[in-house]
Amino acid sequence: MVLTTFVLPAGYHRDTWRRENSRAEELAGLSFVADLTRMAEAAKLDAVFFGDCVHANSTMRGDIMMNGFYEPVTTLSALAALTTNIGLIGTISTSFTQPYNVARQMAGIDHMSGGRAGWNVVTSRDGFANFGGSGVPDPEERYDRADEHVDVVQRLWDSWSDDSILVDRASGRWLDPAGLRPIDHSGKHFKVQGPINIPRPLQGHPVLVQAGSSDIGMAFGSRIADIIYTAQPQFEGAQDFYAKMKRLVLDQGREADDVKVLPGIVPVIGDTENEAKEIADELGDMVDLASGRRQVAGDLKLEIDDIGYDEHIPEERFSEDPKMGSRYHIFRRKSVEQGMTLRELIIDRARSTGHMWFVGTAQRAADTMIEWFEAGACDGFNLNAPHNPDGLEAICTKLVPELQERGYFRTEYEGSTLRENLGLDRPAA
Ligand SMILES: Cc1cc2nc3c(=O)[nH]c(=O)nc-3n(C[C@H](O)[C@H](O)[C@H](O)COP(=O)(O)O)c2cc1C
């Protein structure tokens, strides 16, 4: 299996920073996130993954789970200096950046880390007001820009041939300038001469990650991504997504195995089933319902101040517009079809945000993960620690060893770069 972990130091389960030992005072600093990353490295995980957004909208509603405190370039650079094997994946939006900057930043992290950089390519559904925009461009427009952006970034990485560095002291030539080529790109969104001003990344291309789940998002992912993240609460949905994504990848002329599909799992691990359930109940009790109401209203862009916690959001308040995104529709189904009350929706959202929620022993979590893996529902998982640091510790010291003992996960890193550990080829320039 490929295993990465979504590092959310405040805990994937909302409001669990309230736990006594959460180290919540240290958020945004280096030592806590470095400890979490070292823990993941000791468990031989493929990579740590940092999500990102460029607005404070949910933070203003009191929700610090997905907070933007860990600006990806600074965070990954700092962690590169403190680790040796684990992959370092960060999120940068194509909607707010220029390809030349992103190409340099990711190339820099790749060099500084010895070939461990990964870029989670997102188009963003929020934050445009911080970059001179108003409203949110349509998905078509965002993905059109993303397509061109990634293409330019890759061509910039390829604008130095691999053999252009000579370091020939006798002749006094450090490089062969003939190996550097302008890209002369002139497109709809970007005009970039090139070449880039940093040698080709050690991995050729840092690993590309994508998590689109709409048709247009999946098509984009199938073209560019090495890793696909996806929120799949149910086995059947995960199998359908996996089959569809692999078909799209084959349609692109790529091998099915070139792209690793990783659904998220939020495992609450106890030494017994009862202990796990007690931990899950304790986490649920942490949820601040008033704040949860604001967050659900914000996520769903719905007016729900008049709804009691034990009432249902009326069906007619939901939009059926597919453009609202897959997470919105997961919520809509939970409310409308499964009949969850507002309280249940708040706690459900606090727990899993659309990912598989698991409560039980490490043995049973491993059973479930292996079942998904063997039945063609995934190539591994993105592990979401429900609470930190002890939630991640349980994953790393109980769940991962269980997978290792059964032969489903490495006990030593195979290579020194993230690509090597993922079993992916290094792209030629
Ligand atoms: C595990 C996971 C992590 C994601 N991380 C981010 C992120 O850090 N920043 C972001 O703006 N979007 C993030 N997304 C959202 C996706 O990029 C994507 O926009 C979303 O899944 C909806 O798909 P669509 O764009 O095809 O509608 C993430 C999605 C998943 C499943």
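A residue is called buried under 20% relative accessible area, exposed over 50%, and partly exposed in between (1.4 Å probe, protein chains only). The structure is a predicted model, in which local features need pLDDT of at least 70, side-chain atom pairs count only at pLDDT 80 or more, and totals for chains, interfaces and linings use all residues. Residues are numbered from 1 along each chain as its sequence is written, and side-chain values use heavy atoms, with hydrogens and water left out.

Ile-165 lies in strand S5 (residues 165–168). Helices (H or I, at least four residues) and strands (E, at least two) are DSSP runs, numbered from the N terminus. Together with Val-167 and Trp-174, Ile-165 makes a nonpolar surface patch of about 270 Å². Patches are built from residues with over 30% relative accessible area and no salt bridge; like charges are joined within 9 Å, and nonpolar side chains (Val, Leu, Ile, Met, Phe, Trp, Tyr) within 5 Å. The areas come from the Shrake-Rupley method with a 1.4 Å probe, and for residues only the protein chains shown count as cover.

The chain as a whole contains 14 helices and 13 strands. Its radius of gyration is 22 Å, close to the 22 Å that the globule rule gives for 429 residues, so the chain is as compact as a globular protein of that length. The radius is taken over C-alpha atoms, and the rule is 2.2 Å times the number of residues to the power 0.38. The C-alpha trace spans about 75 × 50 × 45 Å along its principal axes. Of the 429 residues, 55% count as buried.

Several strands pair in the parallel sense. Two strands pair if DSSP finds at least two bridges between them. Strand S1 (residues 2–6) runs parallel to S2, and three bridges join the two. Here Thr-5 stands opposite Val-48 of S2. S2 is also joined to strand S3 (residues 87–93), in parallel, by four bridges. On that side Val-48 faces Leu-88 of S3. S1, helix H1 (residues 30–42) and S2 form a right-handed β-α-β unit. A crossover is right-handed if, with the strands pointing away from the viewer, the path from the first strand over the helix to the second runs clockwise.

S1 has a further parallel partner in S13, with five bridges between them. Phe-6 stands opposite Asn-384 in this pair. Strand S11 (residues 260–270) pairs with S13 too, again in parallel, over two bridges. There Ile-265 stands opposite Leu-383.

In a regular strand the side chains alternate between the two faces of the sheet. Which residues cover the two faces of strand S2 (residues 47–50)? Ala-47 and Phe-49 lie on one side, Val-48 and Phe-50 on the other, and all are buried. S13 (residues 380–384) is largely enclosed by the rest of the structure, because five of its five residues are buried. Gly-380, Asn-382 and Asn-384 point one way from S13, while Phe-381 and Leu-383 point the other way.

Charged pairs were examined next. A salt bridge is a side-chain nitrogen of Lys or Arg within 4 Å of a carboxyl oxygen of Asp or Glu. By this rule the count is 31 salt bridges. In one of them, Arg-155 meets Asp-151, with the closest N and O atoms 3.1 Å apart. Both sit in helix H5 (residues 139–157), four residues apart, so about one helical turn separates them. Arg-155 is partly exposed at 30% relative accessibility. Asp-151 is partly exposed as well, at 33%.

Another bridge joins Arg-317 to Asp-306, the closest N and O atoms being 2.8 Å apart. This pair links distant parts of the chain, 11 residues apart, with both Arg-317 and Asp-306 in the loop between helix H9 (289–300) and helix H10 (326–336). Arg-317 is partly exposed, at 29% relative accessibility.

Asp-348 and Lys-334 form a further salt bridge, with the closest N and O atoms 2.7 Å apart. The pair spans 14 residues, from Lys-334 in helix H10 to Asp-348 in helix H11 (residues 342–352). Elsewhere, salt bridges that share partners join Arg-14, Arg-61, Asp-63, Asp-299 and Arg-349 into one network.
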